[in-house]
Amino acid sequence: MDLPGFSLSSASHAFTFTWVLTVSTKWNPVEYRTYPERLSQKIQELPPVDMFVTTADPELEPTILTVNTVISLLAVDYPAGKLACYVSDDGCSPVTYYSLVEASKFAKLWVPFCKKHDIQDRAPFRYFSSEEVPFDNSLEFQQEYNKMKDEYEELASKINDANKKSIDWNLSGDFAAFSNIETKNHPAIIKVVWENKGGISDELPHLIYISREKRPKHPHHYKAGAMNVLTRVSGLMTNAPFILNLDCDMFVNNPNIVRHAMCLLLGSRNERESGFVQCPQYFYDGLKHDPFGNQFEVLHKYLGNGIVGIQGPFYGGTGCFHRRKVIYGACPHDIGIQAKSLTPVHGDLTEKEQLKIFGNSKELIRSAAHALQGKANTSPKLLPNLNEAAKQVAGCGYEYGTSWGKEVGWQYGSATEDILTGLLIHARDWRSVLCTPHPRAFLGCVPRAGPISMTQQKRWATGLLEILISERNPIVATLTARLQFRQCLAYLWILIWGLRSIPELCYAVLPAYCIITNSSFLPKANEPAICIPVALFLSYLVYSLSEYLEIGLSIRAWWNNQRMGRINATNPWLFGAISVFLKILRVSGTVFEVTQKEQSSSNGGDEGRFTFDASPIFMPGTTILLLQLTAFVVGFGGMQSPSVDNDASGLGEIVCSVLVVICFWPFAKGLFGKGKYGIPVSTICKSSLLSLSFVYLVKSASKGQV
Ligand SMILES: O=c1ccn([C@@H]2O[C@H](COP(=O)(O)OP(=O)(O)O[C@H]3O[C@H](CO)[C@@H](O)[C@H](O)[C@H]3O)[C@@H](O)[C@H]2O)c(=O)[nH]1
Ligand SMILES: [Mn+2]
């Protein structure tokens, strides 16, 4: 077989494999319903929950968004005395700390207001931006509403001012800890912003600010590292048996969500059924018809519910309720002695072993033992007194020689720490549950620009592939641990994203190749065999379209997702694969590039239009497009080589080539667009060079054949 024939057949096999994975994953969908009003029949007292928020960069992640997320958490419908909110700031920004202090003052007015009037939007920026006029016309409500609105505007302008003035920030008094530090070189800073001393239900929950120690020579493991510090510090301070974690942009949209999650965590006969409870990652103010194909509605619905029917949803990094003991490495009780082979954490550890696993803090070991045995919290402590112990476990050297990031806590070694961490939990025989209440649990920001979306996709493809090539991959977990076979297939479906770039590239280049060399990869239009690819293609179209229509999405949304599927696969996913390849060759490491979050649609006009920047990530797409255009010139300009064995290219190849151009239409517009809407000239030049060399190569190769 020649090279094109070989690549065609391997690409087809790769697609068939992906199809098998998809079908297996979607096969038996399951949905859970939750009835929080029945919770009191089941349990006497609601359990405590520690709530984590991570933020890393006040520029990319506007402080006002983080603050809104925190406020919405402080305002959930759950006894405040049972809650503690921990904010991790990897940016080590005094502005973030200051904003939290101000936010807690605001929340003291906001939370009673929400609870009194049963406000559903507990993130103030949402509530005050909603078009609907508040329904309550009483004078009392109107007065309170106006007061709250003024208070929020004041808070927002204080934060805004703080952000602007951040250069000549006066770092004294409470802010002294932030003076003379660099963001990547500073000791741990832990501050109790608000303490609910009496554990009182209608006060505010605890609010704690944490910026872990960072030193240039110490790896900090990005978000996973931050999550582990949050776990340890909260272990010392409140040690709640359940942990909710949110990214800084994901505010609470359903104030009852903690109770919904408790239905799933406490409602089943065996806790193994719900090792963690994941809420789907939905977004607010998403652009109409999903032009960047990143709102994942269809994915959540079909693949999401399908996995629920196997071993449970993947951990998605945000909007997830964990059991602390599961994070600490525990296995379900009923697998008994076999648990010892799956985890270093089990009932009869000596103190020495515990120190080795959890690190050198006696206080932490004591609290971890409590968490693992499911004992209630020890007597209430005054949080500031714990500050020294907390700083120890937030130190950058604390984890050396311990099991953190390997067997315990959030897992290191992948830019998608979420999938890796969830995989380990499933491998230890836990199941997970998807929580889908109405209204939706949490809402976050979705990228609204080409470059941001591409960077995010690249990070995912990179991180997922890192897992696939590691010894912690799902195949090993199925063979040596307790990952179910079909769950393994579901994991493979997502982990191979980066690799899928290769067959997608082959398929995108093939039509152009055939036209240029005057050969074919499809049967002729008058041969009966043409029915096979046409039938496959049409049934795929009809099936995928029906998925969109069934959940009320538009044809445009379907098309945008198809198109972005091709663009993502050939651009960011390819770069993801390349960066993992470079990592294997030890040329460069992989990094977690934080996704930029925009507050609202201030883009003006052309919202859904694809945007570009000078990143090489846009080169493959541009090259593919130029190749098709070259093929048209060659084909219609009569410059084709004579065909070998009567195998001339025909209608099929032309149709496919046109289809590729339609898929890459945003790039076609980009060739002529201006500013951010245009592909930079340098990218166009490089891509032209690439496609010309390709044409030259295949031309000379095919001449050799004749
Ligand atoms: O060094 C870092 C880097 C990131 N973060 C935080 O991690 C969160 C997620 O980062 P973001 O850039 O928003 O990631 P997304 O592209 O939205 O990420 C998705 O994919 C990630 C894995 O790649 C998951 O961790 C996220 O939860 C999931 O939403 C944010 O709160 C960041 O502040 C840190 O705390 N420290
Ligand atoms: Mn995010």
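A charge sits over a ring if NZ of Lys or CZ of Arg is within 6 Å of the ring centre and within 35 degrees of the ring normal. Arg232 meets that rule over the face of Trp404, at 4.8 Å from the ring centre. Arg459 lies over the face of Phe592, and there the distance to the ring centre is 3.9 Å.

Some ground rules before I go on. This is a predicted model, in which local features need pLDDT of at least 70 and side-chain atom pairs count only at pLDDT 80 or more, while totals for chains, interfaces and linings use all residues. Residues are numbered from 1 along each chain as its sequence is written, chains are lettered from A and ligands numbered from 1 in the order in which they are written, and side-chain values use heavy atoms, with hydrogens and water left out.

Now the aromatic pairs. Rings of Phe, Tyr and Trp (its six-membered ring) pair if their centres lie within 6.5 Å; planes under 30 degrees apart are stacked, over 60 edge-to-face, and the rest tilted. The structure holds 43 such pairs. One of them is Phe125 with Phe251, edge-to-face, at 5.6 Å centre to centre and 90° between the planes. Phe125 lies in helix α5 (residues 124-129) and Phe251 in strand β6 (residues 251-252), so this pair ties together parts that are 126 residues apart in sequence. Helices (H or I, at least four residues) and strands (E, at least two) are DSSP runs, numbered from the N terminus.

Phe125 is buried at 11%, and Phe251 is buried at 2%.

Next, Phe292 and Phe610 form a tilted pair, 5.8 Å centre to centre, with 45° between the planes. Phe292 is in the loop between β8 (282-283) and α9 (297-308), and Phe610 is in the loop between α22 (572-584) and α23 (619-636), 318 residues apart. Both residues are buried.

There is also an aromatic cluster, with Phe106, Trp110, Phe113, Tyr127, Phe128, Phe141, Tyr145 and Tyr152 as its members.

Last, the cysteines. How many disulfides are there? A disulfide is a pair of cysteine sulfur atoms within 2.5 Å, and the count comes to zero. The closest cysteine sulfur to that of Cys514 is in Cys656, 9.0 Å away, too far for a bond. Cys514 is buried, at 2% relative accessibility. For Cys663, the nearest cysteine sulfur is again that of Cys656, 10 Å away. Cys663 counts as buried too, at 12% relative accessibility.

Note on methods: Buried means under 20% relative accessible area, exposed over 50%, partly exposed in between (1.4 Å probe, protein chains only).
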